[in-house]
Amino acid sequence: MMWYFLMSDAFTFGAFLISYGTIRFSSNGWPDPNEVFKSFPFAPEGVHAPLVFVSIMTFILIISSVTMVLAVHAGHNMDKKGVVRYMIMTIIGGAMFLGCQAWEWNHLYHEGAWWGSNPFLNHDGTASSTNFTNYFFTITGFHGFHVFSGVIINIIMLIMTLTDKFEQRGHYLMIEKAGLYWHFVDLVWVFVFTCFYLI
Amino acid sequence: MEHTHTEQHEGGGTKEIWKVTIILTILTIVELGLGFWMMGMPLESSLRLAVKGAIVILMMVKAFYIVAYFMHLKHEIKNLIMTIVVPLALFIWFIIAFLYDGNSFKHLRNTYDPHFKEQSTIKVEKKEHNEGKHATEDEHAKPAEEKH
């Protein structure tokens, strides 16, 4: 059943991203992501470090996806200790990603970007519409909400593992289902990252 | 349905996980390299478009590895694979149709709506350099916040 839920989610995200692409294709200009996302936490004001922060976020999510696979793998071998260890690592990865995103949103908000307000200029120096910020905040927000619920699900799975729920059942299939959801979140980020930050 | 595969995918294991991890890492680094390379290119050059295309292809490869190995779809029974992949093929059509539509809307507006065309050619003057730009951004930010 998880697969069918993920299918519906995939179509929701797909609709968002296609709508973003349509609007972008119908605009004469669009802001340069390397100008918008050039900041880095604790770096001095005016630093120019495009792509650096978001690539760290990407790697955090990939690594947390890997620890999730390892947790599923440990579950297959009925290795409770391994499941607990890797689930904790996955949860930490998810929390780190959320922290990074919170910082980025906060930073952009203080630069004047929010739903309905876009301080950034187009690539060619002309005025930009609010489409850019609207789509950015809606889609990364929707993805961030998925990460948040994924972390909650993982915490529940961790508690269930610690209370020996799965040992009593004789299998760790629930970990596998939570893992599917978590990988899907990572998968969506691959698309969001490419569409908003790279191209 | 998810129960059916437990016996089948003993193959792979930790070794496969690390292999896929390394592939994903390399693909991401290549993507980032292309992204940095693209920064210096002129806006409308065909090379820039080609690099964007390459990034999209790498993105699809990454998506394939995540779905096939991390989500174990490759080791599922064939019926499940078909249930997932066939509806997703709709996206090929969605993407072509919608992006084409967006592009055609742009051309229509540029041809028949002189106001739209004019608006998109007026450059916003940049004050001085870095410091001045921040000042203008703050001015933009304030009225926007008052609206809330």
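Helix α4 (residues 80-110) of chain A packs with helix α5 (residues 131-162) of chain A at an angle of about 155°, and their axes are 9 Å apart. Here axes are lines fitted to C-alpha atoms, for helices over the stretch in contact, and angles run from 0 to 180 degrees between N-to-C directions; helices are DSSP runs (H or I, at least four residues), numbered from the N terminus. This is a predicted model, in which local features need pLDDT of at least 70 and side-chain atom pairs count only at pLDDT 80 or more, while totals for chains, interfaces and linings use all residues. Residues are numbered from 1 along each chain as its sequence is written, and chains are lettered from A in the order in which they are written.

- The contact, in which C-beta atoms placed from the backbone lie within 7 Å, includes A:M87, A:I91 and A:L98 of α4(A) and A:V147, A:V151 and A:L158 of α5(A).

**Confidence**
- Chain B averages a pLDDT of 79, with 76% of the residues scoring at least 70; pLDDT is the predictor's confidence in each residue, from 0 to 100.
- Within chain B, confidence is highest in helix α4 (residues 90-112) of chain B, at a mean of 93, and lowest in helix α6 (residues 130-147) of chain B, at 42.
- Over residues 127-148 of chain B the pLDDT is below 50, and this stretch has 17 contacts in the model beyond near neighbours in sequence.
- Where pLDDT is low, the predicted coordinates should not be read in detail.
- For the complex, the predictor gives an ipTM of 0.87 and a pTM of 0.85.

Note on methods
Helices (H or I, at least four residues) and strands (E, at least two) are DSSP runs, numbered from the N terminus. Two residues are in contact if their C-beta atoms, placed from the backbone, lie within 7 Å.
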